[in-house]
Amino acid sequence: MLSISRVHPHLMLTRTLRVAALELRSIDLQSLKNNKEHHTQEMGLKRLIVRRGQAFTIVLSFNRSFQPQTDNITFMAETGPEPLELLGTRATFLLKSAQHGNVWRVSDFTIDLNSLQVSLFTPANAVIGPYMLKIQTSQGQGHNMSYLVGTFILLFNPWSAEDDVYLPSEVLLQEYIMMDYGFFYKGHERFITMWPWNYGQFEDDIIDICFEILNKSLYFLKNPSKDCSQRNDVVYVCRVVSAMINSNDDSGVLQGNWGEDYSRGVSPLEWNGSVAILRQWSTQGGQPVKYGQCWVFASVMCTVMRCLGVPTRVVSNFRSAHNVDGNLTIDTYYDQNAEMLPTQRRDKIWNFHVWNECWMVRKDLPPGYNGWQVLDPTPQQTSSGLFCCGPASVKAIREGEVHLAYDTPFVYAEVNADEVIWLFGDGQAQEILAHNTSSIGKEISTKMVGSNQRQIITSSYKYPEGSPEERSVFMKASRKMLGQRRASSPFLDLLGSGGMQYQPAQLQLHLARTPQWGQDLLLTLHAWRVPDRAHPRGPIQLMLHFCAQALLHRGGIREPLWRQVVQLKLDFGQEIQLPLLLPYNNYRNKLTDEKLIRVSGIAKVEETGRSMLILKDISLEPPQLSIEVSERAEVGKALSVHITLTNTQTEPLSNCTMVLEGSGLIDGQISKDLGTLVVGHTIKIHLDLYPIKAGLRLLQVFISSNEVKEIKGYKDIFVAAARAS
């Protein structure tokens, strides 16, 4: 017998109208699509990495269709250890009809059956960092359901006109954000060497290490919530990174070493890129990596800033002043035997110095100082209590506006200080040998956009040397930096007393042949008599003392390695050329890795008792290696590489090691021991690489030996995408 139960008509109506709660079943963050649209696909496609000021799309799938009239969805985005809306580290916004403005919002949504496609917009001044994205669903006044949608990383956006790092040129963006290798320039103003560097900002774990760096800063450790809340400000982030690349105050990335003992770490000359340094720092729990010098600090900072989304380049300044006391004068001393004297003063002229420029708007400065800003992570002096430098507006430096933040006086002096060279004797400075107003800040260089060539950008930092504009700016900056000190300067007193008199002869040193490591150095002294007030036409007697010393990167010197004394008589109008020989055995074990020699000469005029200075810096070139590759490179296919090195030195190269590196070509590094390369012999190395990423790549080869530390070569390689099978 069939039993039929009756249901009250009112109860049946209620049951029909009740709709199931909206439950989240699956999530698609659409990392592949979003990362490509946000120019982060090089960082990987497995997780969501987006840029602020630009919408990204996600798809939410529910147990039923979303009903706009009755269903409510609230989004929550959180970053930092204690997210708060007041601090800008937490944002809450509703899913409703399209909203507008520079705020966290849903910019659009589309309903497709049980799926909801949502476009989320992040403000162009949002805090950067790793975020958690959550939703909360409800119906009317009913029960709330909360879900973790996923995580994403938010970066600066130089493609967005609303972002403070906006750079309105796709060509420049490809160079200063997307290019994962580059070059810096080192050596000497007359012997500039181009060195390749693998930035590797898109390698798998580098973005995580960048935020790890921020989270180990003293600012974060002191007040994590406040520090995270300030990560919307590119000026703040740059200063934190500048302090964290060195380890003078904190658990920074690199420990500096300007000595010559690198036995407890790696010589700064042996690094090829940033990736190995950053990974080592992270793996060792934030222990500083040994060792760095200026080009290593700046190149690693370039990696971090490009990774975070700030257009960044590496800049080299030749004859860079380190003017600690801020008097815009660097003093150098020689004795009567032409020996450059060591000094305990920190003021020095570095052969070269490398820093960064980052592109940004400076809302903290008066109008007109946006654009490139100097940031220098090399620990030289403190700024607001920490070893960091910048951002200092390049425009402010050029105009002498040294009162503008940050650290503009120090950077201004690096490119504009005067050099005063003194003759020192009997415990005091006796005579000014030279006062050079244009010898500091030479050949300021960076990599040219879209090319491996060097671009000289000196004119961005200062007006032409000796021009009325340059002297006017110098005087303006001097008044601001020196104040009353300038009125009572012993140097100016001596300068005004006629210490710099016209000299009765011209003296120059020339190299008679190209200098090569392992060979005697042949120089020529060129001397000729010119008229002067004291002895307009008569002959003069010169006593010349010559001295050669190894020149260190930061302006210091070693003990003399060669001396010579010459006596000359010069009649009016007479020219003399005198050969000078500096034997290889004199400098063989006396030079630093830089392989720079300064030959100095002091010529005393017997008739007047006054002295003249002659200087000649010599750079010794290491052997050259060659790299050849097979014609076509393709992702995943063997690429044949041939490396050749001939020992052109006069001694064997012992304990040779080779390191290969190149983002997109090699995962990490390839190392190989080569043993000893005897004199005149050639070593040929063949190996196969399997490229990982398509596009233009740079293969670096670095060979080091006990005798010569820096034999480098590089090769541009275009890698084609893998062919469809």
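Helices (H or I, at least four residues) and strands (E, at least two) are DSSP runs, numbered from the N terminus. The structure is a predicted model, in which local features need pLDDT of at least 70 and side-chain atom pairs count only at pLDDT 80 or more, while totals for chains, interfaces and linings use all residues. Residues are numbered from 1 along each chain as its sequence is written, and side-chain values use heavy atoms, with hydrogens and water left out.

Strand S20 covers residues 428-436 and holds Gln430. This residue is partly exposed, at a relative accessible area of 42%. Here buried means under 20% relative accessible area, exposed means over 50%, and partly exposed lies in between (1.4 Å probe, protein chains only). Beyond its neighbours within four places in sequence, Gln430 is in contact with Leu423, Phe424 and Gly425. Contact means heavy atoms within 4.5 Å. Gly368 is 62 residues from Gln430 in sequence. Their C-alpha atoms are 46 Å apart in space.

The protein as a whole has 15 helices and 37 strands. Its C-alpha trace spans about 140 × 65 × 40 Å along the principal axes. Of its 725 residues, 54% count as buried. Among contacts with a separation of 6 or more, 67% join residues 24 or more positions apart.

Two helix pairs were examined. Two packed helices are described by the angle between their axes and the distance between the axes. Axes are lines fitted to C-alpha atoms, for helices over the stretch in contact, and angles run from 0 to 180 degrees between N-to-C directions.

Angles under 35 degrees count as roughly parallel, over 145 as roughly antiparallel, 65 to 115 as roughly perpendicular, and the rest as oblique. The crossing of H4 and H8 is left-handed. A crossing is left-handed if the near helix is turned anticlockwise from the far one by less than a right angle, and right-handed if clockwise. On the H4 side, the contact is made by Ile206, Ile209, Glu212 and Ile213. H8 contributes Val275, Leu278, Arg279, Trp281 and Ser282. By class, the contact of H4 with H8 has 6 nonpolar, 1 polar and 2 charged residues. Ala, Val, Leu, Ile, Met, Phe, Trp, Tyr, Cys and Pro count as nonpolar, Asp, Glu, Lys and Arg as charged, and the others, Gly among them, as polar.

Helix H4 has 7 of its 10 residues buried, so it is largely enclosed by the rest of the structure. The buried residues in H4 are Ile206, Ile207, Ile209, Cys210, Phe211, Ile213 and Leu214.

The second pair is H11 and H13 (residues 468-482). They pack at an angle of about 140°, with their axes 12 Å apart. That makes H11 oblique to H13. Their crossing is left-handed. Pro409, Tyr412 and Asn416 in H11 meet Val473, Phe474, Ala477 and Met481 in H13. This contact of H11 with H13 has 6 nonpolar, 1 polar and no charged residues.

Helix H11 (residues 408-416) is largely enclosed by the rest of the structure, because 8 of its 9 residues are buried. These are Thr408, Phe410, Val411, Tyr412, Ala413, Glu414, Val415 and Asn416.

A cis peptide bond joins Gly390 and Pro391, with omega about 5°. Pro391 sits in the loop between strand S17 (371-375) and strand S18 (392-393). Ala405 and Tyr406 are also joined by a cis peptide bond, with omega about 0°. Tyr406 lies in the loop between helix H10 (394-399) and H11.

Positive phi values occur at Gln30 and Leu113. Gln30 is not a glycine, yet its phi is about 50°. The loop between strand S1 (24-28) and helix H2 (31-37) contains Gln30. Gln30 is buried, with a relative accessible area of 18%. Leu113 has a phi near 55°. This residue is found in the loop between strand S6 (105-112) and strand S7 (115-121). Leu113 is exposed, with a relative accessible area of 68%.
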